[in-house]
Amino acid sequence: MEQKLSNQIALITGASSGIGAGVAKAFAAQGATVVLNYPVEAAKDAADAVLRDITAAGGKGMTAQADVSKEEEVVRMFADIVRTYGTVDILVNNAGLQRDSAFTEMTLDQWNTVIGVNLTGQFLCAREAIREFLRRGPQPEKSRATGKIICMSSVHEVIPWAGHANYAASKGGIHMLMQSLAQEYAPRKIRINSIGPGAIKTPINHSAWATPDAEAKLLELIPYGRVGVTEDIGAAAVWLASDDSDYVSGITLFVDGGMTLFPGFSTNG
Ligand code: NAD
């Protein structure tokens with residue numbers, strides 16, 4: 001079967017769990033060499049385990065430590081990847097976290113942590129990736145685009161989220177960061193898009209689906225009637241990273257079972 005990402009080097013940030021691990025597995029199955037980023041030493045074993053699954057399935061790659069909110073660590077990680085593999089072809093800006101709080105109780109540290117990882121982290125990684133795409137130039141034998149970036153956003157780039165103002169602000173920020181970069185670099189044949197996941201079963205939202213009661217409540221928000229899985233995002237990411245989407249630039253692809261269709265209005269006519 002044709003592999004959609006053959007010979008391409010893909011960095012996936014936050015790849016030791018959840019959606020990042022799912023995207024890495026989907027990319028590796030399509031022939032990409034994957035770099036699995038993880039933030040701190042404590043996450044190394046989990047990243048190694050994802051890499052073992054990938055190599056056992058015939059894929060290839062490496063792990064790479066860097067806290068995406070720290071400029072020197074991001075710069076060092078990209079230099080390591082270029083030294084090892086020669087370049088980077090695809091960046092999946094996936095790392096993210098939540099520090100939830102009622103707004104009046106929210107500390108500056110909670111605000112800065114979420115903006116630092118979710119938004120500044122995407123800025124730092126996108127900047128290094130685009131610098132590398134421009135340095136090495138087009139590689140038509142690999143892909144029609146000179147480079148591709150996928151920003152992991154959320155339905156909360158458009159759905160407000162009480163009690164999560166820092167997270168929603170970070171995802172709203174990703175939307176305009178992504179579109180501004182897409183506008184700036186489309187003429188250089190660099191495609192930049194976002195995925196907006198709805199509710200996907202991962203550690204970040206475990207309490208929202210861990211019990212039947214919690215899952216039933218969550219399903220009220222999902223017209224399609226099931227909670228998403230990481231494979232749903234992996235498939236969308238493969239499409240956005242491959243030449244199948246060569247004419248797609250500057251969009252958010254919501255992968256959310258219809259969560260952004262305002263399902264509350266279906267019974268409120
Ligand atoms: P997750 O907690 O499993 O994954 C987040 C990953 O980010 C972890 O591997 C974590 O180690 C990594 N990370 C955290 N801080 C980091 C840092 N400073 N540097 C590098 N990596 C760091 O949760 P997930 O659901 O897989 O989340 C992945 C992305 O998807 C996030 O951006 C999240 O906002 C987004 N998202 C998830 C959902 C969902 O329902 N699960 C919905 C919408 C958006």
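## The cavity

The lining of the largest cavity is made up of one nonpolar, five polar and four charged residues. The model is a predicted one. Its residues at this site are Gln8, Asp89, Arg136, Gln139, Lys142, Ser143, Ala145, Thr146, Gly147 and Lys148.

The volume of the largest cavity is about 50 Å³. The structure has one cavity of 30 Å³ or more.

## The largest pocket

The largest pocket has a volume of about 1,300 Å³. Its lining counts 50 residues, and those nearest the centre of the pocket are Gln98, Tyr167, Thr202, Ile204 and Asn205. Two or more lining residues come from each of these elements: α1, β2 (33-38), α5, α6 (206-209) and α7 (212-219).

By class, the lining of the largest pocket holds 28 nonpolar, 17 polar and five charged residues.

## The ligand in its pocket

The largest pocket is where the ligand sits.

The shell around the ligand comprises 28 residues, with Ser17, Ile19, Asp67, Tyr167 and Thr202 coming nearest. Tyr167 and Thr202 are also among the residues nearest the centre of the largest pocket. Sorted by class, the shell contains 14 nonpolar, twelve polar and two charged residues.

## Polar contacts and burial

Backbone atoms of Val68, Gly96 and Ile200 face polar atoms of the ligand. At Val68, a polar backbone atom lies 3.0 Å from a nitrogen atom of the ligand. An oxygen atom of the ligand is 3.5 Å from a polar backbone atom of Gly96. For Ile200, the distance between a polar backbone atom and an oxygen atom of the ligand is 2.8 Å.

The ligand taken alone exposes 820 Å², and 91% of that area is buried by the protein.

Notes
Residues are numbered from 1 along each chain as its sequence is written. This is a predicted model: local features need pLDDT of at least 70, side-chain atom pairs count only at pLDDT 80 or more; totals for chains, interfaces and linings use all residues. Side-chain values use heavy atoms; hydrogens and water are left out. A residue is near a molecule or strand if one of its heavy atoms lies within 4 Å of it. A polar contact is a pair of N or O atoms within 3.5 Å; within protein, one must be able to donate a hydrogen and the other to accept it, and residues adjacent in sequence count only if both atoms are side-chain atoms. Accessible areas come from the Shrake-Rupley method with a 1.4 Å probe; for residues, only the protein chains shown count as cover. On a 1 Å grid over the protein atoms alone, a cavity is a set of points where a 1.4 Å probe fits but cannot get out, and a pocket is an open set with protein on both sides within 12 Å along at least five of seven lines; lining residues have an atom within 4 Å of a point. A molecule sits in a cavity or pocket if more than half of its atoms lie within 2 Å of its grid points. Ala, Val, Leu, Ile, Met, Phe, Trp, Tyr, Cys and Pro count as nonpolar, Asp, Glu, Lys and Arg as charged, and the others, Gly among them, as polar. Grid points are joined across faces, edges and corners, and a volume is the space filled by probe spheres set on the points. Helices (H or I, at least four residues) and strands (E, at least two) are DSSP runs, numbered from the N terminus.
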